[in-house]
Amino acid sequence: MGKLRFYFILFFSCASLGIAAMAGDPSQNISFVYPEATDAVRVYNRQRELLQVSRPIISALVIICLLQTGILGKIRDFTDQFSGAFLMRTFLFFLALLSILFAADLPASLYVNFYLEHLMGLSNQSIPDFALERFKYLAIQAALSIFLLPVAALVRSQQKYWSISIWLVLATLAAVLIFIKPILIDPLFNKFNDIPEAQSSQSLRKRIEELCLKAELDKPKVFVVDRSKQSKRVNAYVTGIAGSTRIVLYDTLIKSLPEDEVLMVVAHEIGHYKFKHIYIGMLFSILGALPALLSAEFILVPFLPNLPKRWGIRTKSDPLFFAFVIALLQISDPLLSPIECAVAKYIETEADDEALRLFPAPLTAAKLFARLSQIDMADPNPPAIIEFWLYTHPSINHRIERALKHSTS
Ligand SMILES: [Zn+2]
């Protein structure tokens, strides 16, 4: 299923805010030295962005090439031999396609997630650990592709309006997946603990409780994840829905930031929690899937006879047709990115503002943003077109600028 838009809601991650009680006069004019990227950091970021855009396009091209050369058709014919049952044949084909796409993406994945991360001193992973993590992702994707089978069955059995039925199935599955992810999937990669009992953390816990009180929230679940075994990056996020909703802080965040800055990060996450941003993200993705599915039924299927004969796509329930749809979805990934990023930026700005309301320390926030960009090797001031197209958060310098405006408002 590749990196469908649903990833947006499956892992609602956010690099958060900054620090603590500056106790300054809100009307004071704060001067702040904005961070600047070194050449190495700029090159690192541009490479990551280039790969972010090109990886789904490469996956799509791989599928098109396999269709054009007839290889995918041969794979379908091969998997057809194993079982007469339509769903079993479709599942085997999905597994084969998933493995091919995984292999095709491996060089780029190795480069961006292993080589570049080590080059910039951001990764703690050994090659075996990295390989194990990738294979776990593959196994989870393979297991999740079982969920595509009801979709395949609906396409096959329903003559008209199957797109609506599929949409309802996918919406339900998305909600279920978001619910189970923090409980069943995330623990396969990391351990999630309570905030450590160390003396300094006692006050952190108390201060988090005070923030929640101020935000008029019942105590949300807050966990610390042992991300330091993989990475030196600092981050926090809100995940899950209904009973599985939780705030997760990286252990690197608690270890490497002053307590006030950690608290500002938590305040930002409380903003996401309070405004139910996970649900907005989920709704956005689910609503976005509807025009895609309607287009598949009412534009793509009638267009089937015009596709190259050598591709060998027979009907709308042919696994080769699903492969073609996956290729189109991969191409749409970078094309739709600005829309997704605009929604994400709106949400992040709302969380930043709420954090400063709960914890009115603009200079602390500014210092935190600067520190985050330094630790995570982010480009604090990327080209405007890249920020517009690919950034899920406003750039660091825009966040600093907005935070400091709070000191004068
Ligand atoms: Zn956020």
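Author: Asp251 touches Val224, Val225, Asp226, Arg227 and Ser228, leaving aside residues up to four places away in sequence. This is a predicted model. Asp251 lies in helix H9, which covers residues 251-256. Is Asp251 buried, exposed or partly exposed? Asp251 has 19 other C-beta atoms within 10 Å. A buried residue needs 20 or more, and an exposed one has 12 or fewer, so Asp251 counts as partly exposed. Asp251 and Ile386 are 135 residues apart along the chain. Their C-alpha atoms are separated by 30 Å.

Now move along to Leu253. Leu253 touches Val234, Asn235, Ala236, Val262 and Val265, again not counting residues up to four places away in sequence. Leu253 is also one of the residues with the most contacts inside the largest nonpolar core. Leu249, Met264, Ala323 and Phe369 are the others named with it. That core has 79 residues. Which helix gives the most to this core? Helix H12, residues 319-358, does, with 14 residues.

Helix H10 spans residues 259-274, and helix H13 spans residues 362-375. Their axes come within 10 Å. They cross at roughly 90°. Angles of 65 to 115 degrees count as roughly perpendicular, so H10 is roughly perpendicular to H13. Which residues make the contact? From H10 come Asp260, Glu261 and Met264. From H13 come Thr364, Ala365, Lys367, Leu368 and Arg371. By type, the residues of this contact divide into three nonpolar, one polar and four charged.

Last, the whole chain. Its secondary structure comes to 15 helices and five strands. The radius of gyration is 23 Å. The globule rule gives 22 Å for 409 residues, which is close, so the chain is as compact as a globular protein of that length. Along its principal axes, the C-alpha trace spans about 70 × 45 × 40 Å. Buried residues make up 34% of the 409 residues. How much of the contact count comes from residues 24 or more positions apart? Among contacts with a separation of 6 or more, such residues account for 82%.

Note on methods:
Residues are numbered from 1 along each chain as its sequence is written. This is a predicted model: local features need pLDDT of at least 70, side-chain atom pairs count only at pLDDT 80 or more; totals for chains, interfaces and linings use all residues. Helices (H or I, at least four residues) and strands (E, at least two) are DSSP runs, numbered from the N terminus. The radius of gyration is taken over C-alpha atoms; the globule rule is 2.2 Å times the number of residues to the power 0.38. Two residues are in contact if their C-beta atoms, placed from the backbone, lie within 7 Å. Axes are lines fitted to C-alpha atoms, for helices over the stretch in contact, and angles run from 0 to 180 degrees between N-to-C directions. Angles under 35 degrees count as roughly parallel, over 145 as roughly antiparallel, 65 to 115 as roughly perpendicular and the rest as oblique. Ala, Val, Leu, Ile, Met, Phe, Trp, Tyr, Cys and Pro count as nonpolar, Asp, Glu, Lys and Arg as charged, and the others, Gly among them, as polar. A nonpolar core is a set of buried Ala, Val, Leu, Ile, Met, Phe, Trp, Tyr and Cys residues joined through C-beta atoms within 7 Å.
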